[in-house]
Each structure stands twice: as structure tokens, then as C-alpha cells.
Amino acid sequence: MLRAEDVKEEFLLCPICTKEFDEEIHTPRVLPCLHTFCQACMRKILKQNLLVCPFCKVEYALPSDGIYVFPKDSTRRNLIEFLRVRKRSSDILCKDCPDDNVAEDFCKECCIFMCTECTRAHKRSLASRGHITMNIQQLQASGPEVFQKKQKCTKPGHEGHPLMFYCTRKGCDKLVCTACTVCDHDKAKGHNIVNVKDIHRQKTTELKKIFKMLEDEVNTAKLISQQTEQELLNIDIKEFEIEKEIEEVFEVCQKALDLRKQELKSKLAALCENKKSAMQYRAKTLETFVDDVTSAKEFGDSIVHHTDPTEFIPLHLTLYRRLKMLTSQKIKKTFQVESPIFDPARMDDEFERLVRSMGQLSTTVHTRKLNFRRGRTDIGTSGAPTPSVEGDVRIGDIFCPAFLFDSDTVHQYRELSDDFRSLKNQTMGHTVQLPYSERRLKKYRGAIGSRPFPQPGKHYFEVNVGFQIHKQLDNVNFLFEVGLINRRSDIDQGHYVYDHSNAWSLCAQHCEEHMQLCQWCRHGGRNHAHTPLSAIDAGTVVDITYGFLVDTDQRKLTVVDCTNQKKLHTFSNVEVTRPLWPVFGCHWPSKIKIEMTLRTGSDINNIPALLLT
């Protein structure tokens, strides 16, 4: 039964004037768009036979009947009476007498409230003595259906006749009384008369079918709306990632420009130094010539004025030879000076055109479709670019993406196989010269997967870990790690990712509790679960395969031991607003030889049964 508190008060008020609907001034009338207003407000917003719905702005051109063409919303009237009886019964007055007595009874046939005296008179009257009446207490124990009012015919001469039939003839489509079926809706004239109860059942069935169809559409719309919200978030994430990528690319370009600028400055300094040295040498030569001439003249003046002729003659010969030598040095009246200049070749219009064309921004179309599997609905993706690459497979509702180790990220002290499927920790002192890469890991001793796991759905991959201990381990030895992290920039902050709040990790480390090697499931620096893996003695050999199931819909990551068919742990509340990147690390090459091999995409033949239950 409907409870009074379940009825929204605003449902009973006109949304324009906020007055309660009634049967007189504020009669509720419903528009074809299913928005209901009182007829008093409809008259106010009606302009030249055109009514515009204040909510959805749909326009209705009205015939001469005006607003009366819109049907009364009897549902609201019935609910108003229902609430009045439940909440304000003492305010209900008799509608059958002028004394304004408090109503005690209700006639279901006439749909009026009556006081005790009027009820007695109602039952004595020949026309109404068969009517069913209910007292207020009975009404309060009933639902709003008791206030449902049977419509009567309004055709002159038929007043008061119950509308018991419905004419389905095209152009009629109306409720009629028995007299109408004889006078105006004769079957012989092509009218089709149906009992009102039959047409009620038919129309109700039709409505149920339509609502069932719309319910499926609504569920679809809700799912797409959820996906749209996720895609809006993904655009923000993508903007952040692309901004960072642009910064990195232009940082490389800026470094190249800075390097070229430094080269030009160095060349300029060398060129100017060379030219200054030549000019300084020439200035020194001229200065020496001036000094030599000045000295010769002073010597000549001295011997002319201060020597005897017999002394002069031998000195004159020496002075003469010196002067001959000085006069043989011809001083050019002009000289060339080489001054450095800068030619900004390809740096004006051509460079500006190059800069304007550097990098391109565009969008790609993502087609989203709904997949219905195993009695549940989830959102999958198809089209370009989900992205789908060669080797991707789907097993049931689980997607197995094909990916490898990203060779541009592998640490210089780690060794990657030629097919990028296996990662090894190298022996100490052995270093492979790797090509330069801005993305190469510097602290984290491992590599990153070549693809992240996007929303939505389930994603699965496996890692086979084989190792051989050749020196006994101690309590500081951390062997390997397989993790998922949603901030790629955080990976290289240290040697592990398990202490990050946005990373979820399986790792192997010496355990003081078990005094052996244990496998740990960690997140945010906390241990969520751990179990023994192997001994720590030299000569120990282990070969084990781990499976990782990422369920972005449920925000869970489950780690299983595929070799022994055991679930190690399920992480909940995994943050999936950003794509999850797989990350792999292996350590202590001085004590252990480790090889991690990926099994992804078509390498996966089946999903462990314990993940399917």
C-alpha cells in the first residue's frame, strides 16, 4: 500500500504558482510532453492560441477549445484527497450542505465528502441509496484508489450515464455511454465499440510492453552515461599526459637549440680570439717600428750635436745602415679588418614556419558498444583505437592484451631478449650499451610493459619467473617485483613501486618470520598477504607462473599462482581513473639469476579456473 510519506509534496503543487491542485481554479491539466500545470497558469502563459511548455519549451497550437483540449490529471487529484484524509482529515468539510460541517463519510459513487446528517439523507434518497459510502477511518486505512472517479457522459440527454464503452473507430477514439453506442456510434455505421474494461487491459498491456522496451533503453542510456563520465575523466587524463608529452618533446627541442646556441657561441669566441690575435700582432709590429724610428732619430740628433766630426763619421755609417733597414719596411696606408658577423640562416621565416608546423593535435574516434554477457551488462570498446593489436585475444569476457617489455624503458643494468619477451638481471660488471632514450629507467631496475590496461572490462596476463640462487640470501635481499601503477612518472622514483599509494605489487623477498623466501602482495607500503615461496640456500631452483586479472569495473586486481593453482590475494578499490601500467623489476644479480618471461595475448590458452568462479 502507498504510504503518505512516499508522495512528494511538489507532485501535488503547480510548478508555476506553487498552489495545490484542486477541482475549481487550479485544476491540473497535463500536456502531451507530460508536464502538468494548473489551468489558471495555463491561461496566463497562453498567447494567441499558442502555449509553450515552461519546462521543455515545446510549442502547442491550440484549437478553439483552448486549454480544455488538455486532459485533467486525475492522478494528482486522487493523491491530494488521499493525503488530506491521511494528514488533515479534520479540515475536510461536507460538500453536500451549506453548514460547513466536518466531513465524516465519503461516497465512492459521487466522490464527495459528507457530514453525518447529509450521509443519512444520501442513503434515504432513491437515486443514491445504493451508493457505497466509507467513513474517514476506513478511508485512512485505504489507498488512493478509493478516490478514483468514474467519468460520466456529458452529451446533452445522456448526463450521468456511465462511460462503459470505447469507440476505436479512427477519428472517434473516445469513451461513450450505452446511449451513445445506439445514437451516435452504431456498429452498422462502421463504429467499433469495445468494453472499457477490455480496452483498459489492452492499453495497459501495450504500456507495459513499451515501458519494458524503454526500460532496456534506459539501462543502456545509464551505462553509456557512466561511460561518458569516464570518457570525460579520460579526456582530462589524456590532456595531462599529452601536456607532459609536449613538454618532454619541446624540452628535447630546446636542448637541441641550446646546444646549437652554445656551439655558435664557442665558434664565435674562437673566431674572435683568432682575429684579435692577428690584429694584436700587427699592432705590436707597428708599435715596434715607431719605437725603432724614434730611437734612431734620437741617436741621430745626439751624434749631430754632441760629437766631433771625426767621431761623427764612423757613427754615421752605423746610423745610416739602420735607417736604410727601417725605410725598407713599407707601411701600408690602408689595412683590412676581419670583423665577425652572424648569419641567422634558416632562423627567420623558414624557422618560424618549421616551429608552427612542429607537432600536430587531432582527435581519434572511439566507437563504444554495449556487450551483454553472462546475464550482466558491461561496456566494451570496439573500433579505432581501443587499441587492438595483432595477438590480442578474448576468452569469455576476459581480454588478454598482447604486450611486450618496452625496450626504451629497460634499465641499463638489465638484459632484454631480442623478442622483448624476457627480462634478466645481469651479472655484476656486465653492462649492455643501450641506445639513448628519454624514457629509460634510471633507478628502477627493470622495465615497463609496452601497453597499459585501459577501462573498461577484465584484462589478464601471466609472468613466468625462473630463478636459481647461487649465494645464500639474507634479510636484505629483495628479488623481483611485478606491479601495476597508474602514474607512470612515479615508477622511476625508487627501486620498487610497492610503497606507492597508486601501485599494487607482487614481490619476492627474504622473510624473517619464515626464514625463507616469501611472496608478498603489497600496496602503499603495506603487506596485504604473504606466503612462503622457496628456500634461501645456494642451489635452490624455482620455476613459477603468476597470473594477474585486472577488473576495472569492480576495481579489483587478483594475483594467482598458476603453477600451484592458488589465489594469493585480491586487491580491492584499485584506482582505475588512469590507465594501469605493468612494471617489472629483478634484483641481486650477485646472488641470484632471475629471468622473467611474459605470457600475453595469444600466449594465453586458458584462464585459471579459480579466476572464473
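Reader: Where is Gln565 placed in this predicted model?

Author: Happy to start there: in this predicted model, Gln565 lies in the loop that runs between β24 (556-561) and β25 (566-571).

Reader: Why is Gln565 called partly exposed?

Author: Its relative accessibility is 43%. Buried means under 20% and exposed means over 50%, so Gln565, at 43%, counts as partly exposed.

Reader: What makes the phi of Gln565 worth a look?

Author: The phi of Gln565 is near 50°, which is positive, and the residue is not glycine. Leu34, also not a glycine, has a positive phi of about 70°. Leu34 sits in the loop between β1 (28-30) and β2 (36-38).

Reader: And why is Leu34 called exposed?

Author: Exposed asks for over 50%. Leu34 has 65% relative accessibility, so Leu34 counts as exposed.

Reader: How do you know that Phe299 touches Leu315 and Leu319?

Author: Contact means heavy atoms within 4.5 Å, and Phe299 touches both Leu315 and Leu319 when residues up to four places away in sequence are left out. Phe299 belongs to helix α6 (residues 196-306). Leu315 is 16 residues from Phe299 along the chain, with 9.6 Å between their C-alpha atoms.

Reader: What makes Phe299 partly exposed?

Author: The value for Phe299 is 35%.

Reader: Which residues gather in the patch of positive charge?

Author: Lys108, Lys150, Lys152 and Lys197 form that patch on the surface. Patch residues need over 30% relative accessible area; Lys108 has 33%, so it counts as partly exposed. Lys108 is in the loop between β5 (105-107) and β6 (112-114).

Technical notes:
Residues are numbered from 1 along each chain as its sequence is written. This is a predicted model: local features need pLDDT of at least 70, side-chain atom pairs count only at pLDDT 80 or more; totals for chains, interfaces and linings use all residues. Side-chain values use heavy atoms; hydrogens and water are left out. Helices (H or I, at least four residues) and strands (E, at least two) are DSSP runs, numbered from the N terminus. Buried means under 20% relative accessible area, exposed over 50%, partly exposed in between (1.4 Å probe, protein chains only). Patches are made of residues with over 30% relative accessible area and no salt bridge: like charges are joined within 9 Å, nonpolar side chains (Val, Leu, Ile, Met, Phe, Trp, Tyr) within 5 Å. Accessible areas come from the Shrake-Rupley method with a 1.4 Å probe; for residues, only the protein chains shown count as cover. A salt bridge is a side-chain nitrogen of Lys or Arg within 4 Å of a carboxyl oxygen of Asp or Glu. Lys and Arg count as positive and Asp and Glu as negative; His and the chain ends are not counted. The place of a charge is taken as NZ of Lys, CZ of Arg, CG of Asp or CD of Glu.
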